[in-house]
Amino acid sequence: MTDNQIIIFDTTLRDGEQSPGCSMNLDEKLKIARLLDGMGVDVIEAGFPIASPGDFEAVQEIAKTIKNAVVCGLSRAKAADIDAAAEALKPAQRSRIHTFISTSESHMRYQLQMPPEAVLESVRESVTRARGYTDNVEWSGMDATRSDLDFLCRCIEAAITCGATTINIPDTVGFAEPEEYGTLIRNILNRVPNIDKAILSTHCHNDLGLAVANSLAGVKAGARQIECTINGIGERAGNAALEEIVMALKVREDILPFKTNIDTTQIIKMSRTLSTTIGFNVQPNKAIVGANAFAHESGIHQDGVLKHAGTYEIMTPESVGLTKSSLVLGKHSGRHALKDKLKDLGYELGDNAFQDLFARFKKLADQKKELHDDDIIALIEDEVASEHDRIQFVSLQIKAGTEGPQVADLILSIDGEKKGVHTEGNGPVDAIFKAIREICPHPNAHLQLYQVHAITGGTDAQAEVTVRLEEEGKTVNGQGADADTLVASARAYVHALNKLMVKRLKTKPAEEAA
Ligand code: KIV
Ligand code: ZN
């Protein structure tokens with residue numbers, strides 16, 4: 001590894017996934033892990049194996065699947081956690097155990113209720129145990145930025161002595177400021193005697209909107225690994241956003257002379273796939289991946305860009321994988337054209353899923369004059385998401401308008417058996433959701449979010465709907481896409497319900513979350 005190479009450690013599937021509304025099922029996690037691997041992420045933190053059987057299985061399946069990146073599993077400083085992480089990571093070609101314990105006065109006193117010397121002993125024991133399984137061990141001092149520097153340095157030295165090869169300095173509560181964070185990294189490099197035997201890593205949360213700035217300050221001060229997530233998802237205000245870090249390093253190479261292995265042309269696809277999977281749309285003005293990130297609205301800007309793109313564009317849309325929105329397929333396009341398009345967009349579907357997709361594509365092409373790549377992607381994501389679902393949407397008729405009551409006639413198929421109901425509601429969406437609840441009762445689940453998003457412009461745009469359901473503290477997101485917003489709503493609810501059923505079967509409460 002050269003001196004200016006930055007290791008990109010992605011924690012979308014762990015720190016990102018553990019935040020409310022971002023949970024994913026196994027297939028979704030595998031899909032995201034494959035994309036991360038394909039775009040050149042060096043380390044994928046796949047989950048927290050002790051947290052639940054679902055997390056354990058996800059880390060294990062990702063470990064079996066991923067061929068290039070190091071697959072990492074998180075553990076507290078507890079023997080059972082470390083053993084579970086090691087077991088889940090067994091199938092990996094290259095694996096890492098990441099173990100952490102809090103080092104700040106406040107966390108040690110109030111949360112761990114352990115004196116500092118006991119924490120220090122726990123650092124030694126946990127790293128030694130992890131090293132018994134692998135020579136790739138990362139240690140984190142949780143809440144490092146609010147820890148006493150002397151004590152933090154003693155913990156780091158002990159972790160390295162016991163075999164840790166990466167030392168992570170989390171700004172767990174997003175409290176640090178860039179100059180301060182850079183100084184902390186520099187102090188650690190100057191004060192810890194064996195620091196040359198480990199790589200220093202940044203892990204910054206975004207509570208003050210400084211996560212990316214802090215990470216870059218850390219790198220300038222000598223850190224060589226950055227922990228980050230796609231779209232910046234994560235606890236509370238999230239983590240440092242991978243796409244912002246990678247593009248900052250690329251665009252400002254003049255003052256940030258560092259390299260990453262990321263293929264930046266995969267960024268948009270990665271960001272959109274994650275958004276549709278978890279139902280978190282990024283804000284339109286979000287750097288790099290927001291819908292407006294490359295849009296020039298004001299006359300002066302448009303005039304400049306038309307004369308020379310560099311007048312107002314510091315990076316090309318192509319460099320992050322934005323292609324000029326192309327008019328793709330229409331109602332005369334056949335199976336062959338659709339298959340070619342799927343290949344171009346990087347999707348592979350089984351025969352049955354492809355037949356269903358083709359039928360929906362034809363229907364959409366009849367309703368909508370212009371089909372863009374985003375329309376096709378939404379249909380595919382919808383199809384892939386529901387392919388193995390036990391409850392399938394079949395049909396919907398609605399009576400809506402100013403004269404109530406609004407009425408829904410809905411047919412679903414459950415394990416292949418069709419069931420229909422007729423319901424009235426306060427508005428068509430209420431009628432549809434009542435109908436679903438009547439066919440598949442789920443009294444303990446509550447609707448937390450209902451969100452509609454137009455995929456492209458125009459009144460004939462496809463609607464993409466996200467529904468979030470919560471049951472006993474667990475949340476799931478469902479998505480549905482259709483030219484008819486109400487059909488998309490029904491599909492999204494049914495999708496969420498299927499995920500809830502899977503979660504009920506798989507999830508056992510975690511003892512305590514990281
Ligand atoms: O923010 C944090 O401190 C963490 C640790 C588990 C590394 O996510
Ligand atoms: Zn974190």
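## The largest pocket

A pocket, found on a 1 Å grid over the protein atoms alone, is an open set of points where a 1.4 Å probe fits, with protein on both sides within 12 Å along at least five of seven lines; its lining residues have an atom within 4 Å of a point. In this predicted model, local features need pLDDT of at least 70 and side-chain atom pairs 80 or more, while totals for linings use all residues. Residues are numbered from 1 along each chain, and ligands from 1 in the order written.

Helix H11 (267–278) gives the largest share, seven residues. Helices H13 (335–345) and H15 (373–386) and strand E12 (445–454) also supply at least two each; helices (H or I, at least four residues) and strands (E, at least two) are DSSP runs.

## The second largest pocket

Here the space is about 980 Å³. Of 37 lining residues, Asp27, Glu28, Lys31, Val384 and Ala385 are closest to the centre. Elements giving two or more residues include helix H2 (26–39), H11, H15 and helix H17 (485–506).

Now meet the zinc ion (ligand 2): its protein donors (N, O and S atoms within 2.8 Å of the metal) are Asp15, His203 and His205, at 2.0 to 2.1 Å. Asp15 sits in helix H1 (12–16) and His205 in the loop between strand E7 (199–204) and helix H9 (211–221), so this pair ties together parts 190 residues apart in sequence. Both Asp15 and His205 are buried, that is, under 20% relative accessible area (1.4 Å probe, protein chains only).

Methods
Heavy atoms only, no water. Donors = N, O, S within 2.8 Å, 3.2 Å for Na, K, Ca; no water. Buried < 20%, exposed > 50% of the residue type's maximum accessible area, 1.4 Å probe, protein only. Points joined across faces, edges and corners; volume = space filled by probe spheres on them.
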